[in-house]
Amino acid sequence: QEIPLEDIRVPQYAILAIDGSTTNSGLAIMRESDGALMYSMCATRESSGETPVHYKIRLKRAVMDILRRNKYIQQIYYEEPVIHNITAVANLFMLRTFIEEMIIENEPEFDYLKHYEVSNMRWKKEFLAPDKIPSGSENQKKAVRAKLETLLGYTLEPQNLYIELGKTKKV
């Protein structure tokens, strides 16, 4: 079910996981105790010419809003940028610092937050275990999706994964 971003309520310790992208960043809030998915959301860069800097600032403001209302989120994991397109390098590296910037810009309010950058291959290896990571980006996406669908017990349709920032899906 879609809910407004301001209705996100996290009543227990949780982790915010972010997969940053220059056009479509994925965010998930998971229970710290067992990794269960609580919320998933997607920050999509507006096709009407939104600049990478405007996109980053809009994403930062949304995350800041969520964190201010949900102090049980105390850990943030950000997927290390994967460079497939050389023209995206500058934007990916600009985007990857927004969590650290937000913490520093809002000292001491967010001093309790811990943030980590996680290697793309490391989380895939841990998530897919005991299976091995397949070679090739597309094969890896398929393997992650298949395991996630098995764990959730249903097939993920695009509308279950990708929603606009400003709305989120409660799981």
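Student: Which residues does lysine 56 touch, not counting residues up to four places away in sequence?

Tutor: Contact means heavy atoms within 4.5 Å. By that rule, lysine 56 touches Met94, Leu95, Thr97, Phe98 and Glu101, with residues up to four places away in sequence not counted. This is a predicted model, in which local features need pLDDT of at least 70 and side-chain atom pairs count only at pLDDT 80 or more, while totals for chains, interfaces and linings use all residues. Residues are numbered from 1 along each chain as its sequence is written, and side-chain values use heavy atoms, with hydrogens and water left out.

Student: Where is lysine 56 found, and is lysine 56 buried or exposed?

Tutor: Lysine 56 is found in helix α1; helices (H or I, at least four residues) and strands (E, at least two) are DSSP runs numbered from the N terminus. Buried means under 20% relative accessible area, exposed over 50%, and partly exposed in between, with a 1.4 Å probe and protein chains only. Lysine 56 counts as buried because its relative accessibility is 7%. The C-alpha atoms of lysine 56 and leucine 92 are separated by 9.9 Å, although the two residues are 36 apart along the chain.

Student: How many helices and strands are there, and in what pattern?

Tutor: The secondary structure comes to 6 helices and 7 strands. Read along the sequence, the pattern is β-β-β-β-α-β-α-α-β-α-α-α-β. Of the 171 residues in the protein, 35% are buried. Among contacts between residues at least 6 apart in sequence, 60% join residues at least 24 apart.

Student: What span should α1 have, and what is the distance between its end C-alpha atoms?

Tutor: The expected span of a helix is 1.5 Å times one less than its number of residues. The 18 residues of α1 should therefore span 26 Å, and its end C-alpha atoms are 26 Å apart, which agrees. Within α1, the buried residues are Tyr55, Lys56, Leu59, Lys60, Ala62, Val63, Met64, Ile66 and Leu67. They pack against β2, β3, β4, β5, α2 and α3.

Student: What does methionine 64 touch?

Tutor: Methionine 64, also found in α1, touches Met102, Asn106 and Phe110, not counting residues up to four places away in sequence. Its relative accessibility is 14%, so methionine 64 counts as buried.

Student: Which residues have the most contacts inside the largest nonpolar core?

Tutor: In soluble globular proteins, nonpolar side chains tend to be buried together. A nonpolar core is a set of buried Ala, Val, Leu, Ile, Met, Phe, Trp, Tyr and Cys residues joined through side-chain atoms within 4.5 Å. The largest core here has 30 residues, and Ile8, Ile29, Val63 and Ile99 have the most contacts inside it. At least two core residues come from each of β2 (14–19), β3 (24–31), β4 (37–44), α1 (52–69), β5 (73–79) and α3 (98–105). Helix α1 gives the largest share, 7 residues. Isoleucine 29 touches, among others, Ile8, Val10, Leu37, Tyr39, Ile66 and Ile73, not counting residues up to four places away in sequence.

Student: Why does alanine 43 count as buried?

Tutor: Alanine 43 is buried because its relative accessible area is 0%. Alanine 43 is found in strand β4. The C-alpha atoms of alanine 43 and tyrosine 55 are separated by 8.5 Å, and these residues are 12 apart along the chain.

Student: Which residues line the largest cavity?

Tutor: Rolling a probe the size of a water molecule over the atoms shows where empty space is left. On a 1 Å grid over the protein atoms alone, a cavity is a set of points where a 1.4 Å probe fits but cannot get out, and lining residues have an atom within 4 Å of a point. Grid points are joined across faces, edges and corners, and a volume is the space filled by probe spheres set on the points. A search of the whole structure finds 1 cavity of 30 Å³ or more. About 40 Å³ of space lies in the largest cavity, which is lined by Thr22, Arg45, Pro52, Tyr55, Asn91, Met94 and Leu95. Helices α1 and α2 (89–95) are the elements that give two or more residues to this lining, and α2 provides the largest share, 3 residues.

Note on methods: 1 Å grid on protein atoms, 1.4 Å probe; cavity = no way out; pocket = protein on both sides within 12 Å on 5 of 7 lines; lining within 4 Å.
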